[in-house]
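Work through the exercises below with the sequence and the model open. Each task is followed by a solution in steps.

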Amino acid sequence: MTTYIISRLLYTIPIVFGVLLLTFVLFNLVGGDISVEIAGKDATQETIDEIREEYGLNKPLFFSLDSQFANHFKNALTFDFGRARDRELVINKIKRGIGPSLALTVPIFFGVVIISVSLSLVVAFVRGTIWDILAVVICVAGMSIPYLSFILFGQYFLAYKWGLFPVFFSPDLSLARNVALPVLIGITAGLGRNLRFFRTVMLDEMRNDYVRTAFAKGLKTRRVLFKHVLKNAMIPIITRVVSAIPFLFLGSLLLERFFGIPGLGYLMVEAIGSRDYFVISAMTYISALLFVVFNLITDICYSLVDPRISLE
Amino acid sequence: MKFVRIISAPALHRLQTHYQIRMSVRLALLVTTIGAGLIIAGCDSSASIEEPNEMVLHHVLSAKIKGLDPGNMRDVYSIIVASQIFEPLYQYHFLKRPYELVPLLAEDMPQISDDLLTYTIRIKKGVYFQDDLCFSNSKGRELKAKDFVFSLKRIANIKYLSQNWSIFDNKIVGLDEFREYTKICNSEADVDYSRQVQGLTTPDDYTLIIRLKKSWPQLCTVLADIATAPVAKEAVDYYGKDIISHPVGTGPFRLNVWRRDSYIELVRSPSFRGEFYPSSGEPGDAEAGYLDDAGKPVPFADRVLWTIIEERQPAWLLFLQGKVDATVIPKDNFDEVMDGAGELTPAMKQHNIHLKTFNDPSTYWLGFNMLDPVLGKNKPLRSAISYAIDREKFIELFFNNRHPVAYGLIPPIMPSYNPEIKEKGYAKYDPEKAQELLKEAEKIHGGKLPTLKIALPGTSTWYRQFGQFLKRNLNAVGLEVETEYMDMPTYQEKVNTKSIQMFTSGSSATSPDAQDFLAMFYSRYNAPGPNKFNYSNPEFDELYEKAQVMLDSPEKHQLYRKMELIVLEDCPAAFLNHRVAYVLHHDWYKNYKPHAFAYGLSKYRRIDLVKRTAYKELLKTIK
């Protein structure tokens, strides 16, 4: 397995290089001259030259140790992304936003996965009963209700009317208290879609012969479900779950916006809106890096949960 | 990957053991990850915790701000915050009406020479800059007259690209020459600020003499503008381009925390010299409680906190919860707040909420960039857009019929307002006429008109609805339109670099003179100056220059009206509405007297802590 991991890690080098090349080409060649965009339509050549100098855009594009691409590559590897258009260091923006974003998305992610996987087992077990039908109806309803409605409802009733949570981010409160309601809303809004998916996975698994055999041998329901069925259903679960992890980094735009959580979802959308190439490029690079790493983790997880799979 | 079928019993046993280990590892991984998440979640946000007896003002900003550098900002959100940190020479009296200028950093009102060209201003002694790392020993030094000279020269520095240069353009002897000199400098930092400017002299540390090229009656009101607030050269040198995040002023509050997307916290500045609450006002002020704190030292508040909330619902709910002291009424909650008779509803009265309304000297518009090749040379197109907008419907939908239609650019409360402007018909909703004009516009353009783009300075639901409204109105007459929503700093950057086709914006007067509104169309003040339309009309310019040197008089007002008609005829903007402010505040928020021109008023606000605490109990009984 070690050999496999090392070889996969080596594969990441060309992938990362490709991502860097792609973002560089997209932003520096396809996207036109960034300095003109920053300086504006009516800018003098002098202003444009100053901006080009400041951002190193007056250097050759490729084929030099001090070329723009070489610097782009070097800066990315050292996580030195330079300054955003509002003059703040991009890495500072990301550092500031990553805590709140993860504080929001990580609990939502685990909450949704743990609850929906557990419930899906139960629902799959009682398939065909009124509880199963009710669960499916609730899932479909949950999927159909817009995300914004969950937010407005939660904010009005749970925070304002019943005073259970803060209505909005308050610097006087700990981050845990500030993200509690958004997390709850995120979990509730995400349950329908995930429960329905995992229910299907579990139902497929429950129809297998070994489940009938286990019950016939007199094993307890809990043991059959959580030890045998769950284990065998892990492959599709891992595929869905682990591949979703890199996106946790990107935060949750609507929740961040309505609850004032200063996270990366907001940062990314604002950067796109303001055409802040420096922030977009940094976020794309980090996302790609995480995606590669978590893909590797997914493969490793396959071998951990299923002995029939070995990594070579 | 390779699939291997395990068949032997010993192998199965090994596998089970292996399984248990792996399960343990996975469980540990899961617990670690959740734990890490909780640790992150538990991280405190390093903000000050409100003590029970601490006086904290809780405000809301509905947009992010780009920077807190008075020399280069014009948007109202930055000015609101920066006005608590920086101080100009003069300020408007907090209570007196009509509005009256009084000294702030100046010792007294300026001595003006007989020819109205020389202003001698004595500076207060014992005024200190806020403590900051930029000073030796981090202790703020005393303010000197040279700081004003430096700040004005800095605005003149072309490398600094100040939006405020237009205020001083062609006004002060030698300052335009200084600006010319800065053109040859390599960068902002290379400019030699010790270079003499004849019209800005300091015979001693506490006297500033300003010599003008020609009479400029508005100078005193300009010296009450935050743009003229002194900035310490040490701070500019120390922070360089980061100065926008490190304001160092002389005001009652200093910046403590600024989380750009989240909140701004100011704390009382220990180096503030001290100032006193006014002892007199206008009739009725004593009865209204505005003189309860007369003669007391200000500021009252220990901290001022602005939470940046772009969506209306959370801001409104926070206000009702008592976590925000004052708010405007969101359009969707208007019926909850106001009854049909224009009074607060019983529910609001039960919350001890107070309403203050006042005519804000402001005008809002859909502006056209006159340098845009499609719009700039096509007057029928611009007029068609203006006729296509149903302003009354807009005001009904977005402002609950609270605001008046803007028939021109000068707000109704200004003395130079033209009472006959409505009859001129420039703000009429006439889609048929718009369609006729569009045919003419297509001829001028030489074919089908391209898709036009409107920039809006916000991404909230309100702005999206506004964008949809404009789009629907213009689509109805046959125009294809795209809307671009952006945050305030991006919007400003794009407008200032003339990179926008159409934009929605507005402006409030900084003084009772309507000159602010007319300056927006003077061709020397093109973006990044106040003329964001990049409009140019020699006839208008000539009248503007004539009016600039005139004292306030009926003749001057007449001139303003004439200039207004020229603008309306050329249609560089479709004027939409003026604003009538409806502000709600809690009864613990004291000394809230609406002021049309001043922003540095947090120092006067006081919180009745007993009432604020009692509100929590009141809420329980109401719920």
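**Exercise 1: Burial and overall form**

Task: find what share of chain B is buried, and describe its overall form.

Solution. Step 1: 44% of the 623 residues of chain B count as buried (20 or more other C-beta atoms within 10 Å of the residue's own; exposed means 12 or fewer, partly exposed in between; C-beta atoms are placed from the backbone). The model is a predicted one, in which local features need pLDDT of at least 70, side-chain atom pairs count only at pLDDT 80 or more, and totals for chains, interfaces and linings use all residues. Residues are numbered from 1 along each chain as its sequence is written, while chains are lettered from A and ligands numbered from 1 in the order in which they are written.

Step 1: chain B holds 19 helices and 21 strands (DSSP runs numbered from the N terminus: H or I of at least four residues for helices, E of at least two for strands). Its radius of gyration is 28 Å, close to the 25 Å from the globule rule for 623 residues, so chain B is as compact as a globular protein of that length (the radius is taken over C-alpha atoms; the rule is 2.2 Å times the number of residues to the power 0.38).

Step 2: along the principal axes, the C-alpha atoms of chain B fill a box of roughly 110 × 65 × 60 Å.

**Exercise 2: Confidence**

Task: state where in chain B pLDDT stays under 50.

Solution. Step 1: the mean pLDDT of chain B is 89, and 92% of its residues reach 70 or more (pLDDT is the predictor's confidence in each residue, from 0 to 100).

Step 1: pLDDT stays under 50 over residues 1-25 of chain B and over residues 35-46 of chain B. Where pLDDT is low, the predicted coordinates should not be read in detail.

**Exercise 3: Strand pairing**

Task: trace the partners of β10(B).

Solution. Step 1: β9(B), residues 253-259, and β10(B), residues 263-268, run antiparallel and are joined by six bridges (strands pair if DSSP finds at least two bridges between them). Three residues separate β9(B) and β10(B), which form a hairpin. V257(B) has E265(B) as its bridge partner.

Step 1: β10(B) also pairs with β13(B), residues 303-308, in the antiparallel sense over five bridges. Here V267(B) stands opposite R303(B).

Note on methods:
Contact = placed C-beta atoms within 7 Å.
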